[in-house]
Amino acid sequence: MTANPAADSTAYSTYDDVLEGRCPFGGNTVGGAQATPPTLSDWYPDRLRVEQLHRDGPAADPLADLDHPAAFATIDLAELKADITRLLTTSVSWWPSDYGNYAPQMIRMAWHSAGTYRIADGRGGAGQAMQRFAPVSSWWDNGNTDKSRRLLWPIKQEYGAALSWADLIVLTGNCALEVMGFPTIGFGGGRRDAWEADDATYWGPEHLDMTDPGSYDDMVDRSGRWTAEPGEPGYELQQPLAASHQALIYVNPEGPNANGDPAASAVDIRITFGRMAMDDVETVALIAGGHAFGKSHGAVPADQIGAPPEIAPMEAMGLGWHNPVGSGNAEHTMTNGIEGSWTPNPTQWDNDYLENLFAYEWEQTRSPPARCSGRRRTPRRRGPPTRTATASTTR
Ligand code: HEM
């Protein structure tokens, strides 16, 4: 058997090589094995992908016969919520909590789980905990949400099959809101987890190079995703997408093309949140409300940060974005690249995001990793006293 010329240097030259202590299913002997290119869809892009009909089917799902709502109903909800709430206000050495409270990072995890939803084709969303699988697990915007899920792992183990990851992620978001003083309106359990990555959802035309820490905008295929530049007529996001960028949940926090322009950002936000079924009022409530909590992390240049979970080395044990600087966490944490909290009291539900926004003039500045952000300049009127550095992104 001759080697595939497109294969890499580890390709086998004879069939004997294949048998000689090597796994014949390695995927680099013949293109197409193990879904390496060229796949069937590379050869015939317009073919009907009938395999999607049995995606995540009963053979892949050991809980296929489980009645998830009934199983969830056997759980003592008050006890489960108490367990989650106890976790939120602890801190572990491998990933210390900011301000002694994991609640903000858990809200981000839960919202990013829900925030992939789009109305055009009904795909995405929190229903099956797809955040555990690539590509969503390894999107830039899900940086360090792997730590949030790993923190929840002991609770998942304790409750087992009765508590799906999808329920746990959403309920943890609720508990996080409650522990910081935000009243929630209840919780409905019974979601069924997916058991394999979803390759049926179209997330955009770009091929993402996860190893390149360049700007989010570098990799956007504008001919496919947008039909024009920001501000031009015809500036419209391709359907059914509900994010302005591949690998982001909604928009570039530095503004379109990292231009730091809040007005241009508002246009993108209206389009992307509209695609998630939000009107303007709901959009403002979500963004200002969500950022009443927590902070943005940008202590370290992006090129120092390791690969996302999907392509991290085996010794990373499923975690991604290894940070070799200092402790690699706590005050050295690097997620988005912009550093600072939005409000003076990031573990308390209040209106300070908007109070702060309107009480001060803001000037554009750069975080240590050169990400575009805002810094408070002069009080427009008397503002609240601040206990932490406050920053702003373009929304
Ligand atoms: C235009 C939409 C949004 C953008 C561009 C955006 C962007 C960001 C960015 C850049 C961070 C910092 C991540 C880090 O470095 O750790 C962040 C954090 C956060 N976001 Fe958003 N966000 C948006 C909407 C929302 C919404 C709708 C919610 C919730 C309802 C939310 C909740 C949070 C929370 C709680 C944090 C703090 C996480 C922590 O402290 O670890 N965000 N967001």
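1. Helices here are DSSP runs of H or I with at least four residues, strands are runs of E with at least two, and both are numbered from the N terminus. Counted in this way, the protein chain holds 10 helices and five strands. The model is a predicted one.

2. Of the chain's 395 residues, 35% count as buried. Among contacts in the protein chain between residues at least 6 apart in sequence, 63% link residues at least 24 apart.

3. Helix α6 deserves attention. This helix covers residues 145-159, 15 residues in total, and its first and last C-alpha atoms are 21 Å apart, close to the 21 Å expected at 1.5 Å a residue. Even so, α6 has a kink of about 40° at W153, shortly before the proline P154. After α6 comes G160, with a positive phi near 60°.

4. Which residues of α6 are buried? They are T145, D146, K147, S148, R149, L151, L152 and Y159. The packing partners of these buried residues are α4 (77-88), α5 and α7 (165-179).

5. In soluble globular proteins, nonpolar side chains tend to be buried together. In this model the largest nonpolar core has 50 residues, and those touching the most other members are L88, A103, M106, I169, A176 and L248. At least two residues of this core come from each of α4, α5, α6, α7, α8 (262-275) and α10 (352-359). Helix α7 makes the largest contribution, with 10 residues.

6. Leaving aside residues up to four places away in sequence, M106 touches L88, S148, T172, G173 and A176. Of these, S148 is among the buried residues of α6, while L88 and A176 are, with M106, among the core residues that touch the most other members.

Notes:
Residues are numbered from 1 along each chain as its sequence is written. This is a predicted model: local features need pLDDT of at least 70, side-chain atom pairs count only at pLDDT 80 or more; totals for chains, interfaces and linings use all residues. The expected span of a helix is 1.5 Å times one less than its number of residues. The bend at a residue is the angle between axes fitted to the seven residues ending there and the seven starting there. A residue is buried if 20 or more other C-beta atoms lie within 10 Å of its own, exposed if 12 or fewer, and partly exposed in between; C-beta atoms are placed from the backbone. Two residues are in contact if their C-beta atoms, placed from the backbone, lie within 7 Å. A nonpolar core is a set of buried Ala, Val, Leu, Ile, Met, Phe, Trp, Tyr and Cys residues joined through C-beta atoms within 7 Å.
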